[in-house]
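Reader: Please take me through this model slowly, and set each term you use against the cut-off behind it.

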Amino acid sequence: MNIAEFSDLDLFPELIEDIDHDLCVRNSLLFTKIEDEVYIILSKDKLSDGFNLLSKLNVSYPLAHVDNDSYERLYHRYLEIRTDKELSGTINEASESELLDEDISLTDFLKNSSDILTSEESAPIIKFVNSLFYQAVKKGASDIHIESHETRGVVRFRIDGVLVRHVDLDKNIISLVISRIKVISNLDISEKRVPQDGRTQVKIAGKGLDIRVSVLPTYHGERVVMRILSESSDIPTLQMLGFSEDLTKDFEELLEHSHGMILVTGPTGSGKSTTLHTFLQTVATPDKNIITIEDPVEYKAENINQIQVNTKTGLTFSSGLRSILRQDPDIVMVGEIRDKETADVAIQAALTGHLMLSTLHTNNTAAAITRLIDMGVDDFLISSSLLGVLAQRLVRKLCETCKVEDAIPEDIASDFGLKKDSLVFDSKGCKECNYTGFSGRKAVGELLVMDDEVKFMLKDKMTDFEIRDAMKKKGMRLIHEQLLDFYLAGDTSLKEIIRVGLKDWYLNTLDLIKVVAR
């Protein structure tokens, strides 16, 4: 009898009609798809049990063995499905409101700061929510997404900036999980028509975690996103951020200034908050008064004073910043400059002897200057106050264990002037990287320092394209160039640098060339 051998696979259960899968699991006989073909997976340790059951089943799928790790993952996913069915049975026996009443009486799990690794609560919903937090932290996730679809619900983790499916559940189970999360976040479990925001705290292996919770009603039910906020111990040093040595040295020089403004730009999830907090920790000393206003407070730091934006009470970035300036600060960090009022106050603070750090949502460094002008800030004030602008992105690094050689596509090679025979790599996926093909991230960025040359260009009303071109000629490395270097070094894949925005940056550069040519 031919039994195929496979290894290092991330397998999911294949549910065959008219098969008692609970019985199959008890006899170590599992079904899955490998390369779009259904296989029967047998456990090498329990071959006799598997063959005995197989002889009673009317199936004709090929047989296969997999390595122990692959088998264990598939086996546990079968158990998750069985747990799902058991929970569904519980729901059918009792109304949802009765279960919620019972759930409310068991809310001490998180409110009394119990450790979820030592909690002995027996309620299955509580156990499941506990396990979500534990698995998210174990896998290094930054966010937990719980979504309601028409017939099913899905839980996904954002790991290294990309959403990865964790588990699918019955829709009724998802609704109870969301109700549980509302309870521990002090939200209204009966309100399902309007968005709600809350916070909760959990302890995992003795370490406290703050979790920001956002609940949003959708067409098929509510969805929840939970952001896992970090401690000051998780803030990296300047050297750990991953930027080049030259950029790191430039950061250190900028942070030596006693006043002025430093801006960090980039889209959501590009690491702006982490970079800003690294800057703060670099300059934080006992003789400095450092105050931040953030939305939300993503890193809890012991040596700085942090304010959380609260629009319900009128505490916005602009109003909070005005109050901060009456607190005799040396260094101020504003989570984001969103409007003219905040920009005006931030500029004035930078001009009157404060070191001001903040973020803007622009694609590149020079565009930040244009954005401030569009907000109504005078260009001479920008010249006087702005020290530098950093535009950054986070790029996932290929897993060194499983990355495979790849070839550069002809169109990419011709567009970017790359040698077709260059040695590059692509992602594959293995147990070491949780089958994502990537492990960790690296920051890439371009830094525009406001020297005299840039100030003169700003005075002459030059466009952001012209400013970037001048800085490029002066030696500033643009982000798309660094992405290509990272790719050619074999540290990331082509799909990843395109995902981060390689072609967008390239098209911007073409626009830059056209403008300069005119």
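Author: One definition comes first: a helix axis is a line fitted to the C-alpha atoms of the stretch in contact, and an angle runs from 0 to 180 degrees between N-to-C directions. The model is predicted, and in it helix α12 (residues 365–374) and helix α16 (residues 464–474) pack at an angle of about 145°, their axes being 8 Å apart.

Reader: How do you know that α12 and α16 meet, and which residues do so?

Author: Contact requires heavy atoms within 4.5 Å, and by that criterion T365, A366, A367 and T370 of α12 meet D464, I467 and R468 of α16. By class, these residues comprise 3 nonpolar, 2 polar and 2 charged. The crossing of α12 and α16 is right-handed.

Reader: What makes α10 roughly parallel to α11?

Author: The term applies to angles under 35 degrees; the angle here is about 20°, and therefore α10 counts as roughly parallel to α11.

Reader: Why is the crossing of α10 and α11 called left-handed?

Author: A crossing takes that name because the near helix is turned anticlockwise from the far one by less than a right angle, and the crossing of α10 and α11 is assigned to this kind. In the contact, F317, S318, L321 and R322 of α10 meet E341, T342, V345 and A346 of α11, a set with 4 nonpolar, 2 polar and 2 charged residues.

Reader: How do you know that strand β6 (residues 152–159) pairs with strand β7 (residues 162–170)?

Author: Pairing asks for at least two bridges, whereas 8 bridges join β6 to β7, so the two strands are paired, and they run antiparallel.

Reader: What makes β14 and β20 edge strands?

Author: They belong to an open sheet of 7 strands with mixed pairing, in the order β14-β12-β15-β16-β11-β17-β20; β14 (305–308) and β20 (438–449) are its edges, since each pairs on one side only. Neighbouring strands in this sheet are turned against each other by 20° on average, direction ignored. Helix α10 lies across β12 (290–294), β14, β15 (331–334) and β16 (355–360), and runs at about 170° to β12.

Reader: Why is L47 called partly exposed?

Author: The relative accessible area of L47 is 29%, and the term covers values between the buried limit of 20% and the exposed limit of 50%, so L47 is partly exposed. L47 is in helix α2 (residues 47–54), and, leaving aside neighbours within four places in sequence, L47 is in contact with L42 and H65. The C-alpha atoms of L47 and S28 are 8.0 Å apart, although 19 residues separate the two in sequence.

Reader: How much of the whole protein counts as buried?

Author: With the limit set under 20% relative accessible area, buried residues make up 49% of the 518 residues. The secondary structure comes to 19 helices and 20 strands, and of the contacts between residues at least 6 apart in sequence, 64% join residues at least 24 apart.

Notes
Residues are numbered from 1 along each chain as its sequence is written. This is a predicted model: local features need pLDDT of at least 70, side-chain atom pairs count only at pLDDT 80 or more; totals for chains, interfaces and linings use all residues. Side-chain values use heavy atoms; hydrogens and water are left out. Helices (H or I, at least four residues) and strands (E, at least two) are DSSP runs, numbered from the N terminus. Angles under 35 degrees count as roughly parallel, over 145 as roughly antiparallel, 65 to 115 as roughly perpendicular and the rest as oblique. Ala, Val, Leu, Ile, Met, Phe, Trp, Tyr, Cys and Pro count as nonpolar, Asp, Glu, Lys and Arg as charged, and the others, Gly among them, as polar. Buried means under 20% relative accessible area, exposed over 50%, partly exposed in between (1.4 Å probe, protein chains only).
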